Structure formats: structure tokens, C-alpha cells
Amino acid sequence: MALALNDVYPMDCLEGLARIAPGTIDLAFADPPFNIGYEYDVYHDERPAEEYLAWSRQWMAGVVRALKPSGSFWLAIGDEFAAELKVIAQRELGLCCRSWVIWYYTFGVNCVRAFSRSHTHLLYFVKDPAHFTFNAQNPAVRVPSARQLVYADGRANPRGRLPDNTWILRPQDVPGGFAPHHDVWYFSRVAGTFKEREGFHGCQMPEQLLGRILRCSSNPMEVVLDPFAGSGTTLVVAKKLGRQWIGFELSKDYVARIRRRLDAAAVGDPLDGPEDPLASAPPTAKGRRRIWPLKGASRGHKPPPAPDLDAVVLAAYRSACASVPVDQLLADPECNAAFVEACRRKAPYGDAALWNRTLLRLRKDGKLAGLEKHLRGARPRETDAYVFGSEVAMHQLSVEFGLSLDEILCDPHLAVGFDEMAAAFAPGFTPREYRWAALSLRKRAHDAKKAGQTLLLAQPRLRLPRAKPFAPTSWQHCAGPGVYVLEGPGGQTMYVGQTLDLKRRLDATSQIPAWTRLGIEWVRILADPPNRHGLQAVLIGRLRPLLNSRLLALEPEAIRS
């Protein structure tokens, strides 16, 4: 019997892998026992070498069988068997090794008669070297280059760069000699005193490390497998980043603890641990450095402040988009292109993302008072046919990149990605409509949550109707407004929507490939409720669906109270 997604199973990984349908996994991450005598809960980690290698062949073959043709496999392994497992994966199982990454960490185990171990090997394989997922343009994967951080070089790519390699003894002591974009990755091991330490497993991976791997080698809603769930970090990060997941773990005690970690996590939650590990510990000697911290490459190159940039951006706004509201400027690609071109002719440095962000800041500082006209937001009736696509795109990109809607729309490249994702879930409309719907949805979020609080005061024991099969026969008589809940395999809540026409919305959803690929099995329908927006806010906060924007969710504290 096939196993449902979004769960961790108390079973041997060989049994579990045999029960996964072939070709269904997008990304597998495995951190198996290293065969070095470590004391696990129910596993003996000291086998004869040939026995360990034979067992490794078995479970790795199971992973390869489960992967899609375009799937990727990351293997974390120690020095003792890294070479042998790499040879098995390539020569015997037919995988292609794209990278041999070194994870360099601090707080390693101290040794008195040998050099202390401070690294783990991360072997990155793909099934097909010509077809695989590698999100090179994801700003959460890319990092600022030395040209940006140290030299303020105008030739720097404002989107940062991808890994190369280097070596260093202590990163804090050589600011220019080690960077997170190298293929020697620096993340602190999750030591016993760290806040993110769960305490029940001695080999806990940092969430930021797993976040880089998942963002790079998988896409939202794709399936992530961990055959050795351990402390559950892979599965928790997968959930936070909007992926689906499945895992196996021998220890029933570990499984119970992992499930508690998963229950406490929600899509869009920030990953634990510092994004910049170099900044988490002080250098031995505090030197003077020229650094402009960047949270993500999408924020672009940020050179030293120039006194005339604000004036240039303001002049460009006056000349190219006189009186156009800034929100409309971001929502309208043609208007934004005219503004960017006006900036490009006069600005001393920067790119479209920086100029758009500067304009937003000028508005916040009151520098556009009297210049931009007031523009009302789109009314719900105007956007009902496509606002759900805008919401999914806004949520997915904010989770994936760690950026706000403004930051996404300020960057033309990310804005195009937003348009494409919105069109996938609600095809047939223009980029301006998708963007304007998202901006209007954000403006209405506060009122929706207030309406949800009012609803809970009136109906504190709000209950959902029973689930029906996701088929037209379940909603053929629902011609009016309402709220609906879409559920996938295992009862996983995928989306909570509200609409003026349930039948039209659900008919469209059942025919759009982006929705059907999610494997939606059930729908719960609340026809013509008196408070649609408030009810949606309550249900998003209570059910924590995979695809809804958290901006619309009533906070759990409000729901509990």
C-alpha cells in the first residue's frame, strides 16, 4: 500500500522506500548513520565495513527508485565512507554527482590525539544531468559577492553570485577569505546550548543548511524525502518552505517528537538559526571593514549612500510617471519600465530594484506628498475570478525568498516570476491585474482579521462541514458566495478560499493543471456565510494551509482565546 505524504513513519527505511511509488520524489536528503559507533536510540551504528556498504547500497537504490527522472539526491556523510558511497552512487546506481560540498562547522567534537572534526561531506547527485532542478536565480540561494560587500564595485552583479570553493581556519578572522557562496559552507553545528536544539537527538542539522538545499534543488509543493528523519529537521524545513514531505525513522520515540515539531511549524515560519553565520560570532580582532549587509540578492547592490540618488529618483518619477500612485507604478509593468528607464539615464549607480525601493522609501518619508494621486484598491467583485492566483503567488514567493510583496514587485525579475505563478493558478489575466489584486488583498487583510475576531465572539465553537469528494457533483448546486477548504492526500489542508460564486470558482479550480497536480481529494463547502472574509481568516489561522498567505490568517492566540 502506498504511503500518504506529509507524515513521518516509524519504520525501517528499506521497508518505507519499498512502499513509495516509483518516480514520485523530487528531492531526497539523507543523513544516514556514519558507522562510527554513535549511540542512537534503537540502532547499532557499528557494523563490519562490508555489511555497512551492502546496507547502504540497498537504501540508496531505494532512493534512486523513488526519485523522479528529474529528481535530486543530497547525501550527508562522514570521512570514513564518503568515497565509497560516492562510487556506489555513480558507478553502480547511475547517478551524476554535480557537487561535492563541504559543510564546515564550529562546535565540533574536541579531539586530544587527532585534529578535531569540523566538517561533513554533502554529495549532490541528480538522476539526469540534463534535466534537474537547480534554482540558480533564487535570491535566498544567491549571496552577495566580494565586489558588493567589500569593494563597492559598480560592476558587481546586483543579484550576487553562486558557489565556488575556498578554505579557511576561522571565518570570523578573515572577512574576505570565506563567504557563504563557496562550496565549503559555514554553518554552526547545532550545539547543546543553541536555542534551536531539540535535545532528543545528538545529530541535529541546522535549519539554514537544509533551507539552502531545499530552495536550490526543489520547488514549492514538490515532495521531499528523508529516509533517516532523526530529529526531523528536513521535514520541518520542508513544511516551512511550502514543500510536501515524507520521512522514515526507526525510533517510535523520535517519531512522536518529530510530529510535535511538525505540528508546531507552519508554512512561512522563519527558519531557525542565523541567516549569516559569520555575523553570529565575533572576530578575534575587530577590524574596520566596509560591509553593506544584504538579506537577499534580490535587494540588489547597495553602494555607499550618495546624496543625489533620492533627487534623481524623485526627478525620474516626476518626468516619467507624474502623479501615478506608487502602488500602480509597481503593478503596471509598462509604467514601471518608463520610470526605470528615466532612472537609468541619470542615476549614478543601482538597478531597477534599488530605484523602486528608493521610491517606496521616499513615499514613506512623505517626500511624495501632493505628487501622487489617491487610487482606490480593487474591489472584491472585480478580482474574484483571479485573486486566488495572486494570493498563492504572493505566499509562495514570500516563503521561498523571504521577501515581502513590495520587495518582490520592486524587482522586475521576481515580479515576472510572480506573474507566471499567479497565471499558473488563475490563467487568463494580465500582470497588472495579478499584481493589483495582491496589493488590494494585502490592504484588506487587517479588516479580514478583525472580521474573524468578531465572528469568533459570535460563534466560538465554529465547526467545519464534512468533506466531500473533489468533483463537480459536490458543488453543482452551490451557485452563490461562500468559503471552501481544499484538502489533499492524508487530509492535508491545501487552500482556504472565499468567493462570490462557489460553482464558478470550484469548476475552474478542478480544471486548472496547477491545482490538479496537487492531488486535491476533498472539499469542504460553507455556502453563503454572513462573514466570508472573517471566516476565511479564522480557517487559515486554524488549519494553516499550504497555499494561503499568512497575512490573511487570524493569529493562533486570537483563535485560542
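How many bridges join strand S2 to S7, and in which sense do the two strands run? Two bridges link strand S2 (residues 25–30) to S7, and the two run parallel. Two strands count as paired if DSSP finds at least two bridges between them. The structure is a predicted model, in which local features need pLDDT of at least 70 and side-chain atom pairs count only at pLDDT 80 or more, while totals for chains, interfaces and linings use all residues. Residues are numbered from 1 along each chain as its sequence is written, and side-chain values use heavy atoms, with hydrogens and water left out.

The protein has 20 helices and 12 strands; helices (H or I, at least four residues) and strands (E, at least two) are DSSP runs, numbered from the N terminus. Of its 561 residues, 53% count as buried, where buried means under 20% relative accessible area, exposed over 50%, and partly exposed in between (1.4 Å probe, protein chains only). The accessible surface of the protein comes to about 25300 Å², and 53% of that surface belongs to carbon and sulfur atoms. Accessible areas come from the Shrake-Rupley method with a 1.4 Å probe, and for residues only the protein chains shown count as cover. Among contacts (heavy atoms within 4.5 Å) between residues at least 6 apart in sequence, 71% join residues at least 24 apart.

The phi of Met221 is near 75 degrees, a positive value in a residue other than glycine. Met221 counts as buried because its relative accessibility is 9%.

Helix H8 (residues 309–320) has 12 residues and reaches 16 Å from its first C-alpha to its last, close to the 16 Å expected at 1.5 Å a residue. The expected span is 1.5 Å times one less than the number of residues. The buried residues of H8 are Leu309, Val312, Val313, Leu314, Ala316 and Tyr317. Their cover includes helix H9 (326–331), helix H10 (333–346) and helix H11 (352–364).

A further sheet is open and has four strands in the order S9-S12-S10-S11, with antiparallel pairing. Its edge strands are S9 (468–469) and S11 (493–499), each of which pairs on one side only. Strand S10 (residues 482–487) runs antiparallel to S11 and is joined to S11 by six bridges; Val483 stands opposite Gln498 in S11. Helix H17 packs on this sheet, touching S10, S11 and strand S12 (522–527), and its direction makes about 25 degrees with that of S10. Helix H19 (residues 532–543) lies across S10, S11 and S12 and runs at about 170 degrees to S11. For these angles, axes are lines fitted to C-alpha atoms, for helices over the stretch in contact, and values run from 0 to 180 degrees between N-to-C directions.

Thr509 is placed in H17 (residues 502–511) and counts as buried because its relative accessibility is 0%. Leaving aside residues up to four places away in sequence, Thr509 touches Phe470, Leu486, Trp515 and Thr516. Trp515 is also one of the residues touched by Phe425, along with Phe388, Gly389, Val392, Ile512, Ala514, Leu518 and Leu547, again not counting residues up to four places away. Phe425 belongs to helix H15 (residues 412–425) and is buried, with a relative accessible area of 8%. The C-alpha atoms of Phe425 and Pro513 are separated by 7.9 Å, although the two residues are 88 residues apart along the chain.

Arg544 is found in the loop between H19 and helix H20 (556–560). Its phi is near 50 degrees, a positive value in a residue other than glycine, and at 31% relative accessibility Arg544 counts as partly exposed.

With a disulfide defined as a pair of cysteine sulfur atoms within 2.5 Å, the count comes to zero disulfides. Cys216 is buried, with a relative accessible area of 6%, and Cys410 is buried, with a relative accessible area of 1%.
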